[in-house]
Amino acid sequence: MSQFMQHDNGEPVSFVARLASSEAFKAMFREGMTLVEDAAAYLDGPGREQARELGRNESLAYAAESMRLTTRLMQLASWLLLQRAVNEGELTFEQALSEKRKVKLSQQDLATSSEVFERLPHDLQALVGESLRLQARVIHLDQLLYLNPQNSVSSSQESPVNEQLARLRAVFG
């Protein structure tokens, strides 16, 4: 099955690009930002108390998992914000591709063994699990969009922001 469908005018429509700018993406974006907020609230609040009650090995595992969780969520948030900027016309696909090189989106698994991970607070386990699921979805969408650029939004679209900046530069030179 092709990833493209024909418009009435004969131009191809990319299903991947449609997905990236759809309500499904908006829901993924909200999910990601909520997860960032939830993780920050947990790690700064109840997580600190729960970490104090852990044994030495579990405390080290908690520190490793919380650092990896924070790193993973910052990568995901950066990617989601970048893609939202493309969807809203603030960046072109080419600009996003250039900026994307700064976002180190990579598959991160657990930092600890499963036996030790299971002894960590359930709230942390849940946050890590949610972040891993979101990470898998974002990486999949990223690969569809950026490793196969013909699937993306037409690169001839100019960013409205860039048009305005060009006009300002022309006036104020």
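Predicted model: local features only at pLDDT ≥ 70, side-chain atom pairs only at ≥ 80, totals over all residues.
Residues are numbered from 1 along each chain as its sequence is written. Local features need pLDDT of at least 70 and side-chain atom pairs pLDDT 80 or more, while totals for chains, interfaces and linings use all residues, and side-chain values use heavy atoms, without hydrogens and water.

**Exercise 1.** Compare the span of helix H4 with its expected span.

*Solution.* Helices are DSSP runs of H or I with at least four residues, numbered from the N terminus. H4 covers residues 56–87, which is 32 residues. The expected span is 1.5 Å times one less than the number of residues, giving 46 Å for H4. From first to last C-alpha, H4 reaches 46 Å, close to that expectation. Just after H4, Gly89 has a positive phi of about 80 degrees.

**Exercise 2.** Determine how H2 and H7 are arranged.

*Solution.* The axes, lines fitted to C-alpha atoms over the stretch in contact, lie 11 Å apart at an angle of about 150 degrees. Angles over 145 degrees count as roughly antiparallel, so H2 and H7 are roughly antiparallel to each other.

**Exercise 3.** Describe the largest nonpolar core.

*Solution.* Such a core joins buried (under 20% relative accessible area, 1.4 Å probe) Ala, Val, Leu, Ile, Met, Phe, Trp, Tyr and Cys residues through side-chain atoms within 4.5 Å. The largest has 37 residues, and Trp79 and Leu124 are among those with the most contacts inside it. The elements giving two or more residues include H2, H4 and H7; H4 gives the most, with 10 residues.

Technical notes
Buried < 20%, exposed > 50% of the residue type's maximum accessible area, 1.4 Å probe, protein only. Axes fitted to C-alpha atoms, helices over the stretch in contact; angles between N-to-C directions. Parallel < 35°, antiparallel > 145°, perpendicular 65-115°, else oblique.
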